[in-house]
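Visitor: Could you walk me through a couple of spots in this model?
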Amino acid sequence: MKGEKNEWKKIKKAIKACVILAFITVVFGLLIYSRVKAYSLAPTTSPIKLRGYPLWQIPIVYLYDYFSHGTICLLFAFTTAGLIYEFVPKEAITKYMGSSKALGYGLALGMAPFLTVCSCTMVPLFGGILYAGAGIGPAITFLLMAPASNILAILLTGELISWELAGVRVIASATIALVAGIAISKTSWGKSVEKEHQINNATSATAKVEIVKPSLDERLWAALKFGGYLARQILPYFILGLIAVSYLEAFLPEEIIKKYLTGVNGVLLASVVGGPLYTPTLVEIVLGRGIWVREGIILSKGALLAWLMGQPYDFANALAVSRIAKWKVVATYMVIAWAGSVIFGLLYGVLSGSL
């Protein structure tokens, strides 16, 4: 009798795993199909068309336009984020990030985009890595790289704005995160924080915990649940951002953008406003699109990049990080991240001929 129950339990678990795998296959297949058919995942309504609707109707039209195109991309991104979060071996990451050697930095740069998708989930992970004994340099590199160039941010930047800008964003984020990590690891206050956490970690290292490995269906379900958790956290803000963008798209005059949001002043203004403004990463993308993109043309690539690079140094997350790594460390990485957003904004603007 007990044997039959166990057999039936195994069958149910196998069916559950197959159903979830089928769902994941469909999601991935839909994205591939949309790419093969060159189907636009970004909204297609123009500002002129939006102006023709009553005020109350503008966000409804824009939201319908966005979700009729972008749902596939969001579904793919949240599912992928959940799978990576669940299946990436975090123990190995914290183990190899436990020093300030090149491998630690490489791992921080390579894995950060896959372990978190917004700044609100990045801070606790940063704390966990530091408490696990990671070097302060790799931990800071992870802290800055994760919100600036996570998988959702890159996907949405590429789909809603341009894949060229998404690529530049990855390069700029990696460079700034690496510079900040190395610089802070050389400071006395950085070394002090690292030493404090590594001593605490050593004192608790003797405690051994027996870990039971979950089955495949449980891990797949946990991945989907994490993707759903991220969606619940992000989508309400994302929809609010889309509503704001719908009005920006409809009524923000191009003359104002060209006068105040381009050139060197535009880059400086974007870097100052984009940083302290606490908005989820994806909202910053749609806001950036609403301000700087008109009829498919980016009016100032330099300013838009500086705006997008502001996410790692917003005030709300800086306050949270200061509870883990002290204010001197926070102030140092904020200054480096801000300077990096200005430098890369200017550089990209000049090289692309769109400053």
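This is a predicted model: local features need pLDDT of at least 70, side-chain atom pairs count only at pLDDT 80 or more; totals for chains, interfaces and linings use all residues.

Visitor: Where does S215 lie?
Guide: S215 sits in the loop between α10 (188-203) and α11 (216-251), helices being DSSP runs of H or I with at least four residues, numbered from the N terminus.

Visitor: Which side chains does S215 make polar contacts with?
Guide: The S215 side chain has a polar contact with the side chain of K13 at 3.1 Å and another with that of D217 at 2.5 Å; such a contact is a pair of N or O atoms within 3.5 Å, where within protein one must be able to donate a hydrogen and the other to accept it, and residues adjacent in sequence count only if both atoms are side-chain atoms.

Visitor: New topic: at what angle do α7 and α9 cross?
Guide: The axes of α7 (residues 136-148) and α9 (residues 163-186) cross at roughly 155° and come within 7 Å, the axes being lines fitted to C-alpha atoms over the stretch in contact, with angles running from 0 to 180 degrees between N-to-C directions. The two helices are therefore roughly antiparallel, a label for angles over 145 degrees.

Visitor: Which residues make the contact?
Guide: With contact meaning heavy atoms within 4.5 Å, they include I140 and L144 of α7 and A177 and I184 of α9.

Conventions:
Residues are numbered from 1 along each chain as its sequence is written. Side-chain values use heavy atoms; hydrogens and water are left out. Angles under 35 degrees count as roughly parallel, over 145 as roughly antiparallel, 65 to 115 as roughly perpendicular and the rest as oblique.
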